[in-house]
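Hello,

Here is the structure I promised to pass on. Please have a look at it first, and then read my notes below.

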Amino acid sequence: MPKPQPAKEIAKERIKELFTQAKEAFSKDPKKSNRYVQLARTLAMKARIHMPKVLKKKYCKHCYTYFQPSVNCKVRIRKDLVIYTCTKCKKYTKHPYGKKLKKTK
């Protein structure tokens with residue numbers, strides 16, 4: 001397996017840093033945290049890398065709002081899904097957990 005290019009590694013680090021800044025800024029200014037999410041997405045697209053799975057669940061796919069559970073999103077569990085409902089745009093995203101997760105080798 002070839003080594004990842006240094007530019008992609010730098011982009012991944014910056015994306016993680018943007019999400020930590022979004023978490024810190026949410027209590028003071030939610031609009032700023034939403035902007036950090038948008039910057040992280042555009043950085044991922046420019047570097048042509050996938051957003052890490054852990055970070056995918058932290059923002060709305062429709063309006064790019066940073067999620068803070070029970071503040072601006074609802075988290076519900078149904079069968080083998082975790083459903084995140086955005087209170088800003090009223091749309092939801094479903095993420096599998098439990099039995100539906102595929103085992104990777």
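**The sheet**

Five bridges connect strand S2 (residues 81–86) with S3, and the two run antiparallel. Helices (H or I, at least four residues) and strands (E, at least two) are DSSP runs, numbered from the N terminus, and two strands pair if DSSP finds at least two bridges between them. Before going on, please note that this is a predicted model, in which local features need pLDDT of at least 70 and side-chain atom pairs count only at pLDDT 80 or more, while totals for chains, interfaces and linings use all residues. Residues are numbered from 1 along each chain as its sequence is written, and side-chain values use heavy atoms, with hydrogens and water left out.

The three strands form an open sheet in the order S1-S2-S3, with antiparallel pairing. Strand S1 (73–78) and strand S3 (92–96) are its edges, each pairing on one side only.

His 95 is buried, at a relative accessible area of 12% (buried means under 20%, exposed over 50%, partly exposed in between, with a 1.4 Å probe and protein chains only). Leaving out residues up to four places away in sequence, His 95 touches Lys 57, Lys 61, Asp 80, Leu 81, Val 82 and Tyr 84; contact means heavy atoms within 4.5 Å.

**Helix H1 and the cores**

H1 has 21 residues and spans 30 Å from its first C-alpha to its last, close to the 30 Å expected at 1.5 Å a residue (1.5 Å times one less than the number of residues). Its buried residues include Ile 15, Leu 18 and Phe 19. Down the axis of H1, the buried residues fall within an arc of 130°, so they line one face of the helix; the arc is taken from the directions from the helix axis to the C-beta atoms. On the other side of H1, Pro 6, Glu 13, Lys 23 and Glu 24 are exposed. The cover over the buried residues of H1 includes H2 and helix H3 (53–56).

The largest nonpolar core has 17 residues, and Ile 15, Phe 19, Ile 49, Met 51 and Tyr 66 have the most contacts inside it. Such a core is a set of buried Ala, Val, Leu, Ile, Met, Phe, Trp, Tyr and Cys residues joined through side-chain atoms within 4.5 Å. Helix H1 (6–26) and helix H2 (30–47) each supply at least two residues of this core, and the largest share, seven residues, comes from H1.

Best wishes
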